[in-house]
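Dear colleague,

I am passing on a structure for you to look through, and my notes on it follow below. Please keep it open beside you as you read.

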2 protein chains.
Amino acid sequence: MADLKTQHLLTLAHILSKGGKHNFVNITTTSLGKEIGKSQQSASLHLKELELGGFIERIQSGRKQSIKITHKGFVELSTLNNLLSKLISKSPNSLTFTGTITSGMGEGAYYMSMKGYTKQFKSKLGYIPYPGTLNVQIKEKKFSEAISQLSNYEGTKISPFSDGKRTFGWVKCFKSKINNKIDCELILLERTHHDTTIVEFISKYNIRKSLKISEKSNVKVKISILDNFS
Amino acid sequence: MADLKTQHLLTLAHILSKGGKHNFVNITTTSLGKEIGKSQQSASLHLKELELGGFIERIQSGRKQSIKITHKGFVELSTLNNLLSKLISKSPNSLTFTGTITSGMGEGAYYMSMKGYTKQFKSKLGYIPYPGTLNVQIKEKKFSEAISQLSNYEGTKISPFSDGKRTFGWVKCFKSKINNKIDCELILLERTHHDTTIVEFISKYNIRKSLKISEKSNVKVKISILDNFS
DNA sequence: ATTACTAGTTATCGAGTAA
DNA sequence: TTTACTCGATAACTAGTAA
């Protein structure tokens, strides 16, 4: 018997939503068509094919019909759901890339030492960062592209503040690990020049010293990303 | 921007399975085509359309490409998954129907009083059934059709046994409720005449007396069905 | 090896309509 | 009202092939 066509997925899901798992439910092809965004004729065809494939059972009396999902049909939906669930939950929530240490003073270095930020770092990250930032130059385009999408995710949000004269923007921190050893945070600044080929890190430690790395050393970075939807 | 087409679902899922949630992964159109059961050309087109719709991002270098799912693409998959999950878990696991009491001795009545069965009823259901079975005649075809699919589900399994001379088949019990009051079990027998217009019930109580019902009374039955997959 | 175009085929769809 | 047919339009796909 034929496989479940992906185009029939919505139709099957709709029957399930109407309570057709164990009981025959009354569904007209017109209403089904509307629900799945297709014509009445297409809905009719969908039902015919689903019946032929053994995914639903129909009872027609006069011009009305009752529909019920078969065990096979339900298993099919469950299987797909399990597959998707596993894929989604098992997908590693990390971004890994390589780059080289660069000295170019990160724009964040100065600001990150301001009290308005350090106070928040202490409470939200649990430490006051070592003064200065570590700058990593990313060579491969695919890495910088991937990093530029980071802004879509939450991270740890450091709020903007004002010192009376001017305001300083928010900072998003993403838990990272350099060379599989040093814990640190990648920082995304609200006010930045959007050059994603250089990324900045803050850490409790002096990363350069701790790793005994210097200018142009290659480093491997792993960034953890948490989803913000349930 | 266009919606995610259902035909692209498998493609997106495959990219996710390759680790493309946050990192760019190398996927050839040939391998993708094989995975989704389509041609290399179709795979190529899928990627083009997914990119156009903002669901994936591609980086092409020479004749190879790296692919990454966008935040939008991942949300789309998650949303669909959540929808399916809810539908599947919220679908009521019960079958409801109406029928009339009938006196025709159920075939099970005699056998259900045998020690080989009663011992198991006691341990698996927690009670020894009142002698005899209640027989309900089902009038509407849609109900008998729905019941005939019950055999695909597990229920409480009473094992076959032998008394030395002959063997007696298994019995499957499904927790039921008659007229929203009396707890009982619908029984499916391994050796039965497969007439699904009459169903039999066993109960701790004398159902007729308890409900003060007699021949040809109408009853409403609700059968609970448990899934046997995770 | 790649990706992706063009051209031809098949599947899917919707309008019109019958029953 | 319903379901579902025919048929023409469009979308999706594959084969062949170029780059």
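**Cysteines and the DNA surface**

B:Cys173 is buried, with a relative accessible area of 1% (buried means under 20% relative accessible area, with a 1.4 Å probe and protein chains only). This is a predicted model, in which local features need pLDDT of at least 70 and side-chain atom pairs count only at pLDDT 80 or more, while totals for chains, interfaces and linings use all residues. Residues are numbered from 1 along each chain as its sequence is written, chains are lettered from A and ligands numbered from 1 in the order in which they are written, and side-chain values use heavy atoms, with hydrogens and water left out.

A:Cys173 is also buried, at 2% relative accessibility, and its sulfur lies 11 Å from the closest cysteine sulfur, that of A:Cys184, which is too far for a bond. Over all chains there are zero disulfides, a disulfide being a pair of cysteine sulfur atoms within 2.5 Å.

Turning to DNA strand D, 19 residues surround it, and A:Thr29, A:Gln40 and B:Ser42 are among the closest; a residue is near a strand if one of its heavy atoms lies within 4 Å of it. These residues divide into one nonpolar, 12 polar and six charged.

With kind regards

Key: Buried < 20%, exposed > 50% of the residue type's maximum accessible area, 1.4 Å probe, protein only. Nonpolar A, V, L, I, M, F, W, Y, C, P; charged D, E, K, R; others polar.
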